[in-house]
Amino acid sequence: MSTPVRIALVGCGRISANHFEAIDRVEGLELSAVCDSVEARAREAGERWQVPWFTSYEKMLVEADCDAVAIATPSGLHPAHGILAARAGKHVISEKPMAITLASADALVKACDDAGVHLFVVKQNRLNATVQMVKRALDKGRFGRLFLANTTVHWSRPQSYYDQAPWRGTWEFDGGAFMNQASHYVDLMQWLVGPVESVIAKTATMARKIEAEDTGAAVLKFRNGALGVIEVTMLTYPKNLEGSFTLIGEKGTVKVGGTAVNRIEHWAFADADPDDADVERVNTDPPSVYGFGHEPYYRNVLRVIRGEAVPDTDGRGGRKSLELILGIYESAKTGREVPLPLRGAL
């Protein structure tokens, strides 16, 4: 029987439960320690999962038996925490986004390269069964020439959500609706449709007392000639309404909707394919907008660490969607169309 891969987690906040549950369900993985700067949260998670708990990250890296560290702290801290883990010889599993600047993202990639450890960036929506069907259709050429891609994130985050933690909605540690809540959807645009040539965007802070945006829209031009639209708000009344992705091509049209790209709402192609019979079967109703993708993501982590696979999303893959988000912010700030890749230090 293979020795379990031991994972320690830092950051026992909102998203940590998805990590704990996924690790628990994947045979071959073992949660070995937890850490949070808030003692009550660290203790609660440690007692719930019966593992040692820490309030000092540096102490956990020294004392906990672990092969990898899952980082679920505020976004602006992901690079620093990942670099410390890499220097300690641990594989790094970073929640999205991997950083909030390209310079810090590149520093994290370099640290993992230098240490000879893997860097995983969590992009669990790619692994939704619905999204995987769209990816297969694209890979088979079923859409033909692509014309238009659209992603819509109509979610609700009341002021009380931002007030729960002082880092939320700040430029230093979080970013706004694009960087935090919609980053998975930005990632789907560049992963499914292809590299982006340029972007023009508008953002606004309309109703939440935060530094960053609560609403925004971006128009993309892809290198393959397709156009794209990303529409995001955290002001939907009274609750999350939609997290969707629509792709229109000369021979196919698909919309994946629900609150978290979890239901195929439209599936039409000129030519039939065996996948067509699975449209209803892949639909799910996840309990939250995080979906069910963390478990398959951790299955990939296990196989990569054992030398049986390549990462679903590594640091360089995670950097691509970060660059697009920063391009959106640059356009919104300057009022100009911004070409990609970005120039200069962002």
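Predicted model: local features only at pLDDT ≥ 70, side-chain atom pairs only at ≥ 80, totals over all residues.
1. Residues are numbered from 1 along each chain as its sequence is written, and side-chain values use heavy atoms, with hydrogens and water left out.

2. The structure holds seven aromatic pairs. One of them joins F143 and F269 edge-to-face, at 4.9 Å centre to centre and with 75° between the planes. This pair links distant parts of the chain, 126 residues apart: F143 is in the loop between α6 (129-139) and β7 (146-154), and F269 is in strand β13. Helices (H or I, at least four residues) and strands (E, at least two) are DSSP runs, numbered from the N terminus. Both F143 and F269 are buried, where buried means under 20% relative accessible area, exposed over 50% and partly exposed in between (1.4 Å probe, protein chains only).

3. Another pair is F178 with Y329: their ring centres are 6.5 Å apart and their planes stand at 90°, so this pair is edge-to-face. F178 lies in the loop between α7 (159-163) and α8 (183-193) and Y329 in helix α10 (residues 315-334), so parts 151 residues apart in sequence are tied together. F178 and Y329 are both buried.

4. Look also at the arginines. R142 lies over the face of F269, 4.0 Å from the ring centre, and R157 lies over the face of Y161, at 5.6 Å from the ring centre. A charge sits over a ring if NZ of Lys or CZ of Arg is within 6 Å of the ring centre and within 35 degrees of the ring normal.

5. Strand β11 (residues 242-249) runs antiparallel to strand β12 (residues 252-257), joined by five bridges, and a hairpin connects β11 to β12 through two residues. Two strands pair if DSSP finds at least two bridges between them. I248 stands opposite T253 in β12. Six bridges then join β12 to strand β13 (residues 263-269), again antiparallel, and G252 has F269 as its bridge partner in β13. The hairpin of β12 and β13 has five residues between the strands, and G258 in the turn has a positive phi of about 85°.

6. Elsewhere, an open sheet of six strands has parallel pairing, in the order β3-β2-β1-β4-β5-β6. Its edge strands, β3 (53-54) and β6 (119-121), each pair on one side only. Within the sheet, six bridges join strand β1 (residues 5-10) to strand β2 (residues 29-35), and A8 has A33 as its bridge partner in β2.

7. Which residues of helix α1 (residues 16-25) are buried? They are S16, N18, H19, F20, A22 and I23. What covers them includes β1, β2, α2 (39-49), β4 (68-71) and α9 (294-305).

Definitions and conventions. Phe/Tyr/Trp six-rings, centres within 6.5 Å; stacked < 30°, edge-to-face > 60°. Contact = heavy atoms within 4.5 Å.
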